Amino acid sequence: MTHAPQIRIPATYMRGGTSKGVFFRLQDLPEAAQVPGPARDALLMRVIGSPDPYGKHTDGMGGATSSTSKCVIIAKSDVADHDVDYLYGQVSIDTAFVDWSGNCGNLSSAVGPFAIANGLIDPARVPHDGIATVRIWQANIGKTIVAHVPMTNGQVQETGDFELDGVTFPAAEIQLEFLDPADEGEGGGAMFPTGNLVDDLEVPGVGTFKATLINAGIPTIFLNAADLGYAGTELQGAINDDKAGLAKFETIRAHGAVRMGLIADVAQAATRQHTPKVAFVAPAQDYVSSSGKHIAAGEIDLHARALSMGKLHHAMMGTAAVAIGTAASIPGTLVNLAAGGGDRSAVRFGHPSGALRVGAEARQVNGEWTVTKAVMSRSARVLMEGWVRVPGDSF
């Protein structure tokens, strides 16, 4: 009996924002995985350790949560006025599936540092000291992200005093600009695919809910926490330990996806786990974060909680933060109303791990809302670099 040896693939394990994932240069992948298709998906699933019926990722690099079951492929960009192409794969934990339908806003913060450190940026454009500007083409959704990466002594600066709730240790601040963040690839190309700032979303067997359905950063369904029976200050356990509640959220997500034009039938939601997201909002109130930090109502504008891959996120997805900032800047959305209404260029919202500030520039053109950019700060750090090993017959 013959046994396939393991192969080595150059890779970097990075934290970006409140997520972490395995980063590859496209040119370093095995030839069969350098193009989209089953071989690439099988390889990335094996790297992460999926599908894992035990839900632990013991035999892979994943962390058995939506925040840690991620892979990124970076290549020099062929798109004019961009440095690199950034392709993101959300790997399912317990099923054989890689979702390519959206971006990861948190890992977006690690793309610039990775590209600089791995020779994908023209050295003439990288200062010895100061801020390097990296223009990123987000290939999943066809959008531009501009990363402002600090440099010290010719190296990416990773350490610093920037604190990000949901991340244990401080690091260097990386500012991200998401340009024209509306996801125009699906749902008719509009920021509000139904044409409304607020809809009545009918969910058979569950109820009818006021909802803001928005394509910005990532397609997102916003609901009022009170309509779901929540305060809006819930931590992970209150949601993720409630199987009936999670099933209700998934049913709402499926019907919202149909309403947004992302899928034709609710049954298709099972093959599109990464998007859309479902989130709920509430007015600001005192609460205690998952780390035990007391946050007063006066420190935030509203509360927001979002589910990712069927579970409440431990903090907030970066793309969902873009959606929150965008929706908050448009008077009349549920997010804007939860924040107190009116014109806003930035909001600070509470999430399970603490608080986050995100800004957005919105304007109305010919009766339709558009957002030119959303801005937020994150941090990133290399955790390990070298080679990842996978059995040669696994893809």
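In counting charges, Lys and Arg are positive and Asp and Glu are negative, with His and the chain ends not counted; a charge is placed at NZ of Lys, CZ of Arg, CG of Asp or CD of Glu. The model is predicted, with local features needing pLDDT of at least 70 and side-chain atom pairs pLDDT 80 or more, while totals for chains, interfaces and linings use all residues. Residues are numbered from 1 along each chain as its sequence is written, and side-chain values use heavy atoms, with hydrogens and water left out.

Q: How far apart do the centres of the positive and negative side chains lie?
A: The protein has 30 positive and 40 negative side chains. The centres of these two sets are separated by 3 Å.

Q: What percentage of the residues is buried?
A: Buried means under 20% relative accessible area, exposed over 50% and partly exposed in between (1.4 Å probe, protein chains only). Of the 395 residues in the protein, the buried share is 53%.

Q: How many residues apart in sequence are the parts that F23 and F114 tie together?
A: Rings of Phe, Tyr and Trp (its six-membered ring) pair if their centres lie within 6.5 Å; planes under 30 degrees apart are stacked, over 60 edge-to-face and the rest tilted. The whole structure holds 4 aromatic pairs, among them the tilted pair of F23 and F114, at 5.5 Å centre to centre and 45° between the planes. F23 is buried at 0% relative accessible area, and F114 is buried at 3%. Because F23 lies in strand β2 (residues 19–25) and F114 in helix α2 (residues 108–117), the pair ties together parts whose separation in sequence is 91 residues.

Q: Which residues form one aromatic cluster?
A: Y230 and F249 are stacked, with 5.9 Å centre to centre and 10° between the planes. Y230 lies in the loop between β12 (218–224) and α3 (236–240), and F249 in helix α4 (residues 243–259). Both Y230 and F249 are buried. The members of the cluster are Y230, F249 and F280.

Terms used: Helix = DSSP H or I, 4+ residues; strand = E, 2+ residues; numbered from the N terminus.
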